[in-house]
Amino acid sequence: MQITNAAWAMLFVLSVLWGGAFFFVEVAVAVLPPFVVVWLRVALAALALVAFCWATGRRMPAAREAWVALAVMGLLNNVIPFSLITWGQTEIESGLASIINAMTPVSAVLLAHFFTEDEKLTGARAMGVGLGILGVTVLIGWDALSGLGGAVLGQLAVLAATVSYGFSSLWGRRFRAMGLDPVVTATGQVTCSTVLLLPALLAMQPWTLPFPGWDVVASLIGLAVFATALAYILFFRILAIAGAGNVMLVTLLIPPSAILLGWAILGERLGPQHFAGFAIIGLGLLFLDGRMLAALRRRGA
């Protein structure tokens, strides 16, 4: 599928929303256990989306098949990757986790090549994804790769999460054929994720935790409303118009968005490696878009 200008715009907005999640998570996990933060993230997002659906007159599907599909989507897109990444980051540095997470487009593009008819892998797409991963590595810093020699299970956990994301993008293609609105799909996914994660949450006895403070509450609301509810509405919209392989390109844009947000909001400094990483990622996106390369070929011909 071709990435339209509208899809690119939504991908950039989505990367800002998910890049901003780092700020909210950093505040929340300083006080609450990571898994509790994960559950509250999807639970509060589900409440916000259910309220939005009710206010706008949207109806949730009644068919059992639709809810089974939404439960599988929640498992592949939330429960498995959130849990694996959260545990993985207790074993490895966040920088290395970010670089491994940037492998998500590789999983999505390869799976789409083998399991779809309209999203075949091309040389330009492979070059674009490769440049994107190189750009993320340069952006975060080569020092992050020093941890590749140890904590293998933590690295495998994050890598397995990228494969789960890849399968979720393929699974999500069916919702367009089912005629589900992206808002309804996002609502169903996070609702199912909330239910699926509930037994593990109860085993942790979260009611024994002290009140976290209003700054943490505000961070959780921001994480749920902006980085989850609104983000997944965009995610399913992009998936419907640009395809499984393309929607996961957002993982290449999240590190630049997070770094730029840190520069704009927190006053963090930008170094030469940041600008080099931005340039390499931008070049990769040009290869992935394909229209500029096609125009250059026509001009040369």
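A: A crossing of two helices is called right-handed if the near helix is turned clockwise from the far one by less than a right angle, and left-handed if the near helix is turned anticlockwise. In this predicted model, helix 5 passes helix 7 in a right-handed crossing. Helix 5, which covers residues 104-115, and helix 7, which covers residues 152-171, pack at an angle of about 45°, and their axes lie 8 Å apart. That angle makes helix 5 oblique to helix 7.

On the side of helix 5, the residues in this contact are Thr-104, Ser-107, Ala-108, Leu-111, Ala-112 and Phe-115, and they meet Thr-162, Val-163, Tyr-165, Gly-166, Phe-167, Ser-169 and Leu-170 in helix 7. Sorted by class, the residues of this contact comprise 8 nonpolar, 5 polar and no charged ones.

Helix 12 (residues 250-265) and helix 13 (residues 272-289) form another pair, whose axes come within 11 Å and cross at roughly 145°, and here the crossing is left-handed. Leu-252, Leu-253, Pro-256, Ile-259 and Leu-260 in helix 12 meet His-274, Phe-278, Ile-281, Leu-285 and Leu-288 in helix 13, a contact with 9 nonpolar, 1 polar and no charged residues.

Key: Residues are numbered from 1 along each chain as its sequence is written. This is a predicted model: local features need pLDDT of at least 70, side-chain atom pairs count only at pLDDT 80 or more; totals for chains, interfaces and linings use all residues. Side-chain values use heavy atoms; hydrogens and water are left out. Axes are lines fitted to C-alpha atoms, for helices over the stretch in contact, and angles run from 0 to 180 degrees between N-to-C directions. Helices (H or I, at least four residues) and strands (E, at least two) are DSSP runs, numbered from the N terminus. Angles under 35 degrees count as roughly parallel, over 145 as roughly antiparallel, 65 to 115 as roughly perpendicular and the rest as oblique. Contact means heavy atoms within 4.5 Å. Ala, Val, Leu, Ile, Met, Phe, Trp, Tyr, Cys and Pro count as nonpolar, Asp, Glu, Lys and Arg as charged, and the others, Gly among them, as polar.
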